[in-house]
Amino acid sequence: MMQRRMSKWLTPAVIATAGCSGGPSVFSPAGPASRDLAHLGTWVLVVLSAAGTATIALILWASARQRGSFAEHAPASTGGGLLWILVGGFLVPALVLFPIFIATLRAVDHFPLHPPSGHGRADIHLIGHQWWWEVHYLADSPDRQVTTADEIHVPIGWPVEIELESRDVIHSFWVPALHGKLDLIPGHPNRIRVLADRAGRFEGECAEYCGAGHARMLLVVVAEPLDAYEAWLAGQAAPALPPADRASETGQAIFENRACGTCHTIRGTSAMSSVGPDLTHVGGRSGLAANTLPNSRAWLEAWITHAQSIKPGSQMPDLAQLRGDELQAVATYLGSLR
Ligand SMILES: [Cu+2]
């Protein structure tokens, strides 16, 4: 009984503080753009807190004092209280807001969101879908052209230009450790340049409400040393590994012959559709379904048969006709695609 009463109060407290542990934060920057924004944000927070505190102190002072002199209450037309209005209403806000305005302009100027004119192709083309991220690495040589989903790798210390676009509604790219937000708009590509200066796995999310699955549209950016990045890119550019065992072989056949291939691509097989994410190396991703699920065997099976319960409204139907051995074979096969 006692325990139940405790948990009744504990639960809201746990929920309220849950967001504080880990997760994306603007206050742990991993690059120059986000560091500038974090500085600006901290500074603005301090200045506005001071202004807020002063305002509340004045209100408390006025209510404690209750009434002033006749001179102080003279009508404004005869000059009463004019000093308060000039100082409190114009001078102080100007002194507070003008430096913030200048600092904001400088932060924006340091990190143009659009490329300087004449700048060439972006490095990555990122397309927003309800509710996942299609990722294309652009390059001249085909062995560096990569299609993947929901997870981007970048080399530490190198600026990466990302072109943002949407194929349905407006989404917004936001990886707080790397930069501010920028919208993905149908028919109107935007560009953002990110630079990570330390290794890490940085979480991002769609920051513009885009429908029922909006909260389940997460993105991961992995910043790693150049050689690790090159190895990852080469791996992603390669076609899918051929099935290594009996179960994977069966799994591939089921994948190609059932509905899966009408929406997905696995390079090197006959599945070549692009309604859903490219699954050529799905086994190597850290999450599933736009990082809403851990990439484990159990979740893979759950997603295939219950996508609509996990992400209601998703473009992926429940494929509940896959059961038992067949389901296991498909999961074994997809898990092996690293
Ligand atoms: Cu969204």
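The model is predicted: local features need pLDDT of at least 70, side-chain atom pairs count only at pLDDT 80 or more, and totals for chains, interfaces and linings use all residues. Residues are numbered from 1 along each chain as its sequence is written, and side-chain values use heavy atoms, with hydrogens and water left out.

**View 1. Helices α2 and α3.** Helices (H or I, at least four residues) and strands (E, at least two) are DSSP runs, numbered from the N terminus. Helix α2 spans residues 32-65 and helix α3 residues 82-110. They pack at an angle of about 170 degrees, with their axes 10 Å apart. Axes are lines fitted to C-alpha atoms, for helices over the stretch in contact, and angles run from 0 to 180 degrees between N-to-C directions. α2 is therefore roughly antiparallel to α3. Angles under 35 degrees count as roughly parallel, over 145 as roughly antiparallel, 65 to 115 as roughly perpendicular and the rest as oblique. The contact residues divide into 13 nonpolar, two polar and one charged. Here Ala, Val, Leu, Ile, Met, Phe, Trp, Tyr, Cys and Pro count as nonpolar, Asp, Glu, Lys and Arg as charged, and the others, Gly among them, as polar. Trp-43, Val-47 and Trp-61 are among the α2 residues that meet α3, whose partners include Trp-84, Ile-100 and His-110. Contact means heavy atoms within 4.5 Å.

**View 2. Helices α6 and α7.** Helix α6 (residues 297-310) packs against helix α7 (residues 324-336) at about 120 degrees, with axes 10 Å apart. The two are therefore oblique to each other. α6 passes α7 in a right-handed crossing (right-handed if the near helix is turned clockwise from the far one by less than a right angle, left-handed if anticlockwise). The contact of α6 with α7 comprises six nonpolar, four polar and two charged residues.

**View 3. Glu-301 in helix α6.** Glu-301 lies in α6. Leaving out residues up to four places away in sequence, Glu-301 touches Leu-327, Gln-328 and Ala-331. Its C-alpha atom is separated by 9.4 Å from that of Leu-322, 21 residues apart along the chain.

**View 4. Helices α5 and α7.** The axes of helix α5 (residues 246-257) and α7 come within 7 Å and cross at roughly 100 degrees. α5 and α7 are therefore roughly perpendicular to each other. Their contact residues divide into seven nonpolar, six polar and one charged. Among them, Ile-254 and Phe-255 are on the α5 side, and Val-330 and Tyr-333 on the α7 side.

**View 5. Two loops with backbone features.** Trp-131 lies in the loop between β1 (124-129) and β2 (132-137). The peptide bond from Gln-130 to Trp-131 is cis, with omega near 0 degrees. Ala-290 is in the loop between β11 (287-288) and β12 (293-294). Although not a glycine, Ala-290 has a positive phi of about 55 degrees.
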